[in-house]
Amino acid sequence: AILTIIGASSTLGRILGGRVADRIRSGFKVYFSSLFLCGIGILVLGMLPSRFALKAIAAGWFGLFAGSFIATETVVAADLFGTDVIGTASGMLYFGVAIGLLAGPVIAGAMLDAGMSDSEVFGVSAGMLLLCLPCIAGIPRIVASKTPTDSKSSDEALDSNKPSSVDIEMQEIGKTLPGSPEFVDDHLQNSSK
């Protein structure tokens, strides 16, 4: 029954996630936020007592944001790599996801066999997802730095040096991450006052 709830809420999440991405004109913000909220859902799901109603609510939460994440993957691939290579970019993104989908259950099963509780396994799973978010936040910056400009005309090269909306959004997100220069500077200035 829990898997049915995840599937149904995932369907709704795909529709709503796409609508929100269209409305705010940012697939990456929806993608990033959905991953974060999926991680929170996994964490909460593992911490809840074994009462069906609570597990069903947490499963619905997880499914909703998992669907939103799935709906925006292709949009993010197009934003980052362009529509000329959308097939390859989407394929590579799904390949990366497939590695986690194949390895995750095997690792979780091994952790359970080693004596870890369900809550601990859910906690590790959520932690791994949440730890990946800073890496994902840096992808637009890496892609932008690797975009070749020598084969473009001078006008195209000048336009490519302008930050995209994804670059600007990621710079704002990056400023709030612990360890970023802006975060450290803000905290150093606040502590010296």
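User: Which residues form a nonpolar patch on the surface?
Analyst: Met92, Phe95 and Ile99, with about 330 Å² of accessible area together. Patch members have over 30% relative accessible area and no salt bridge, and nonpolar side chains are joined within 5 Å. The areas come from the Shrake-Rupley method with a 1.4 Å probe.

User: Where is Phe95 found?
Analyst: In helix α4, residues 86-113. This is a predicted model, where local features need pLDDT of at least 70 and side-chain atom pairs 80 or more, while totals for chains, interfaces and linings use all residues. Numbering starts from 1 along each chain, and side-chain values use heavy atoms, without hydrogens and water.

User: New topic: what volume does the largest pocket have?
Analyst: About 1600 Å³. A pocket here is an open set of points on a 1 Å grid where a 1.4 Å probe fits, with protein on both sides within 12 Å along at least five of seven lines; lining residues have an atom within 4 Å of a point.

User: And how many residues line that largest pocket?
Analyst: 47, with Ile42, Gly100, Leu101, Ser125 and Leu129 nearest its centre. Helix α4 gives the most, 16 residues. The lining divides into 38 nonpolar, 6 polar and 3 charged residues.

Terms used: Patch = residues over 30% accessible without salt bridge, like charges linked within 9 Å, V, L, I, M, F, W, Y side chains within 5 Å. Salt bridge = Lys/Arg side-chain N within 4 Å of Asp/Glu carboxyl O. Helix = DSSP H or I, 4+ residues; strand = E, 2+ residues; numbered from the N terminus. Points joined across faces, edges and corners; volume = space filled by probe spheres on them. Nonpolar A, V, L, I, M, F, W, Y, C, P; charged D, E, K, R; others polar.
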